[in-house]
Amino acid sequence: MKLLLIDRDSADLSGIRWFLHTYFPGDVTIEICTTINEALQSIQQFEPDVILLNIDLFSNNRLTALYRVLQKHSGTILAMTTEPLFKNALRAIDLQVAHLFVKPIDLEVLKQKLTAISLRTPKAEAVYQEATDESFYDQLFLDSKTSTLETNIHFTMIEPEHPEMFNKLYNWLQQTPIYSSMRIYPLSERMVCLFQTNDLEKDVRSLIKEWRLTSNSSLNIGIYDGEPTTMKNMYTLTKRALRQSFYEGYGHIFYTSKQLKTQPFDPLLTPEEQQLLISSLEDGNIEAVKVFLYRLSNEGIYYEQDDLRIHLTSVLAQIRRFMLKYKLHEKAAIEQNYRQLFHLIIEHPIFYTIQNGIISFTQKLIELAREARMEKRADYVELAIEIIDQQFQDSGLSLPYVAHKLGISPNYLSTIFSKKQGLPLKRYLQQVRIHNATKMLVETDFAISEIADLNGFEDSNYFIKIFKQHIGITPNRYRKA
């Protein structure tokens with residue numbers, strides 16, 4: 001196996017190379033690149049089977065030469081990043097990396113990933129020699145006008161629930177009674193099977209049942225049931241049908257004629273959605289979080305899974321903010337759980353499992369935040385500022401109200417707020433309201449009394465008085481100026 005390591009930190013790469021040469025089972029050839037130009041040259045000349053790269057090397061511009069080369073790379077891409085940030089998750093999804101490591105890399109996990117790749121690839125090549133000929137793979141991946149299969153032969157694809165059982169599945173299929181009536185063409189993660197049978201559904205259901213009894217795991221089987229077409233078209237449509245497992249799970253038969261219709265979906269959170277999540281977390285309302293997530297899996301409504309993964313990393317970003325407020329990231333176990341959840345979102349094949357993982361983690365954070373409030377370990381000033389920024393339009397917002405929301409006394413909040421911010425909470429609240437009012441005076445035609453009301457002032461005369469104290473002129477003169 002040929003492995004290419006790409007990172008600016010040559011010391012890190014040397015350590016990884018030493019570890020793999022020492023402990024990796026089997027022969028591995030490793031090259032190191034510390035610049036993008038070196039990486040481009042090595043990919044073309046070295047032709048690596050696996051690339052491990054630091055995804056932080058990319059700027060926001062996706063049109064770089066290295067980015068384009070990686071998108072066309074036929075081998076496996078593994079990535080690493082200094083921080084599990086939202087933008088890096090986007091890049092990992094876009095490049096379809098097999099795994100995204102967070103530095104410092106867990107070398108044992110890297111070893112496991114490379115072992116799985118090395119075990120899968122040689123066996124796939126071995127069965128390729130036994131069970132296939134080159135023309136089949138040519139027809140599978142290259143455009144061809146040649147007709148595909150005889151009418152009594154059915155195009156199917158079989159995908160194991162656990163990728164590490166790929167080789168076991170292939171060997172098991174060869175031992176089944178039905179093997180005499182099918183031909184198997186293994187790919188990297190699934191197998192193309194050509195069945196010659198009069199009752200295809202019965203045969204594939206028997207396979208699913210027997211495999212579950214044998215391995216205690218499931219299969220998904222995709223069946224092409226459309227009009228005669230090229231082998232490449234059948235492969236593309238059947239592979240797309242198997243993607244429905246993201247919603248349906250494993251143990252199913254998917255027909256190409258029954259593809260899920262996806263709805264348009266903006267993967268980024270709106271400001272209102274961000275606010276809803278933060279409010280739900282602050283209020284300890286796990287039911288609201290569940291409703292927010294379950295709306296993504298309403299029966300009969302489906303979205304592209306890449307969009308959903310991006311959306312859920314946006315959700316995770318809000319959860320991260322909540323963690324930082326209550327210093328929960330300082331707990332090693334919680335930080336590890338957070339990173340595991342990050343990988344679950346961008347890698348796990350089943351949406352339901354991802355949803356449950358987010359809910360379970362969120363529930364734990366809510367409980368820990370409640371304890372942090374009781375122990376007064378939270379940054380109450382930052383929390384108070386957030387409440388003000390969110391609710392300044394409410395005329396009932398006051399020092400006692402904010403203190404009650406935080407579970408502390410008004411006197412304590414007043415003392416720590418003035419000490420940290422250099423001004424009383426009431427004065428800060430006025431500043432926020434007046435600042436927003438100045439924007440409305442310039443950007444809208446609303447009446448002065450209406451602007452006062454929209455910024456938490458029940459009395460417009462009082463608003464004018466406070467406005468003049470802060471700005472130096474009346475609201476009317478400010479608008480004219």
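Is D7 buried or exposed? D7 is buried, because its relative accessible area is 3%, under the 20% cut-off. The model is predicted.

## D7 and its surroundings

D7 sits in the loop between β1 (2-6) and α1 (10-23). Leaving aside residues up to four places away in sequence, D7 touches L13, C33, T34, N54, L57, M80 and K103. One of these partners, K103, returns below: a cis peptide bond joins K103 to P104.

## The second largest pocket

The second largest pocket holds about 360 Å³ of space. Its lining is made up of 13 residues, and V102, P104, D106, R339 and H343 are the closest to the pocket centre. Two elements, β5 (99-102) and α14 (332-347), each supply at least two lining residues. By class, the lining has six nonpolar, four polar and three charged residues.

P104 is found in the loop between β5 and α5 (107-131). The peptide bond between K103 and P104 is cis, with omega about -5 degrees. Most peptide bonds are trans.

## H99 in strand β5

H99 belongs to strand β5. H99 counts as buried because its relative accessibility is 9%, and the limit for buried is under 20%. Beyond residues up to four places away in sequence, H99 touches I77, L78, A79, V109, K113, H343 and E347. H343 in this list is also among the residues closest to the centre of the second largest pocket.

With E347, the side chain of H99 makes a polar contact of 3.1 Å. M234 lies elsewhere: H99 and M234 are 135 residues apart in sequence, and their C-alpha atoms are 29 Å apart in space.

## Helix α14

The buried residues of α14 are I334, E335, Y338, L341, F342, H343, I345 and I346. These buried residues pack against α4 (86-95), β5, α13 (305-325) and α15 (351-374).

## T313 in helix α13

T313 lies in helix α13. T313 is buried, because its relative accessible area is 4%. A polar atom of the T313 side chain lies 2.6 Å from the backbone oxygen of I310.

Not counting residues up to four places away in sequence, T313 touches F86, A89, I345 and I346.

## Positive phi angles

Most residues other than glycine have a negative phi. Q96 is not a glycine, yet Q96 has a positive phi of about 55 degrees. Q96 is placed in the loop between α4 and β5. Q96 counts as exposed because its relative accessibility is 67%, and exposed means over 50%.

K327 is not a glycine either, and K327 has a positive phi of about 55 degrees. Its place is in the loop between α13 and α14. K327 counts as partly exposed because its relative accessibility is 36%, between the 20% and 50% limits.

Terms used. Residues are numbered from 1 along each chain as its sequence is written. This is a predicted model: local features need pLDDT of at least 70, side-chain atom pairs count only at pLDDT 80 or more; totals for chains, interfaces and linings use all residues. Side-chain values use heavy atoms; hydrogens and water are left out. Helices (H or I, at least four residues) and strands (E, at least two) are DSSP runs, numbered from the N terminus. Buried means under 20% relative accessible area, exposed over 50%, partly exposed in between (1.4 Å probe, protein chains only). Contact means heavy atoms within 4.5 Å. On a 1 Å grid over the protein atoms alone, a cavity is a set of points where a 1.4 Å probe fits but cannot get out, and a pocket is an open set with protein on both sides within 12 Å along at least five of seven lines; lining residues have an atom within 4 Å of a point. Grid points are joined across faces, edges and corners, and a volume is the space filled by probe spheres set on the points. Ala, Val, Leu, Ile, Met, Phe, Trp, Tyr, Cys and Pro count as nonpolar, Asp, Glu, Lys and Arg as charged, and the others, Gly among them, as polar. A polar contact is a pair of N or O atoms within 3.5 Å; within protein, one must be able to donate a hydrogen and the other to accept it, and residues adjacent in sequence count only if both atoms are side-chain atoms.
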